[in-house]
Amino acid sequence: MDRAALFTLPNVVSMSRLVLAVGFVGARGAEERLALIGAASVTDFLDGWLARRRNAASRWGALIDPIADRVFVLAAVTAFLANGELTLAQYLVLLSRDVMTAIGFLVARMVPWLRPVEFKARYLGKLVTVLQLATFVAVLVLPSVVAPLVTAVGVVSAAAIADYTLALWRARAR
């Protein structure tokens, strides 16, 4: 492993979401959690922007960024579930895209003819992440809109899962 390639500025920014996830679980106040959601949102934008601006996109970054996103989301929804702020059904909907893309990634790595396919972020996947973060904010400041946001996450997650699956099949056919 080349440490210099791993510890680029964009990758360190991505990895900071792991620390933010731990902080989110430990945070008790709505203001603290809102600040952590804001910081996670900013780092999610900033890591990609830095990688493009500095021409520092890497295979490490392509792996670290989505893992950091998923860890933050998992930490947040689990904390909300544990505090009774989300139901089990809402928890499962909010994680549906993440679980399915993780399974898809593992399958693609195990199936020899899918291994060469490069995974890239797609628009619907990014939209799911934005909706997840908006749902987290709503849990803290406007609980009345949580149910419609969870529904939106579910619908867009289903579309994103289909989109990723189709993209994978198209890419392997090339």
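Modeller: Helices (H or I, at least four residues) and strands (E, at least two) are DSSP runs, numbered from the N terminus. This is a predicted model, in which local features need pLDDT of at least 70 and side-chain atom pairs count only at pLDDT 80 or more, while totals for chains, interfaces and linings use all residues. Residues are numbered from 1 along each chain as its sequence is written, and side-chain values use heavy atoms, with hydrogens and water left out.

Colleague: In what order do the elements of the chain run from the N terminus on?

Modeller: The order is α-α-α-α-α-α-α. The chain has seven helices and zero strands.

Colleague: Turning to cavities, how many of 30 Å³ or more does the count come to?

Modeller: The count comes to one. A cavity is a set of points, on a 1 Å grid over the protein atoms alone, where a 1.4 Å probe fits but cannot get out; lining residues have an atom within 4 Å of a point. The largest cavity has a volume of about 60 Å³, a volume being the space filled by probe spheres set on the points, which are joined across faces, edges and corners.

Colleague: Which residues line the largest cavity?

Modeller: Its lining consists of R17, A40, D44, D69, F72, V73, T129 and L133. Helix 3 (30-53), helix 4 (59-82) and helix 6 (123-141) each give two or more residues to this lining. Helix 4 gives the most, with three residues.

Colleague: And D163, is that buried or exposed?

Modeller: D163 counts as buried because its relative accessibility is 17%, and buried means under 20% relative accessible area (1.4 Å probe, protein chains only), with exposed over 50% and partly exposed in between. Buried residues make up 36% of the 174 residues in the chain.

Colleague: Where is D163 found, and which residues does D163 touch?

Modeller: D163 is found in helix 7 (residues 146-173). Not counting residues up to four places away in sequence, D163 touches R122 and L124, where contact means heavy atoms within 4.5 Å.

Technical notes. 1 Å grid on protein atoms, 1.4 Å probe; cavity = no way out; pocket = protein on both sides within 12 Å on 5 of 7 lines; lining within 4 Å.
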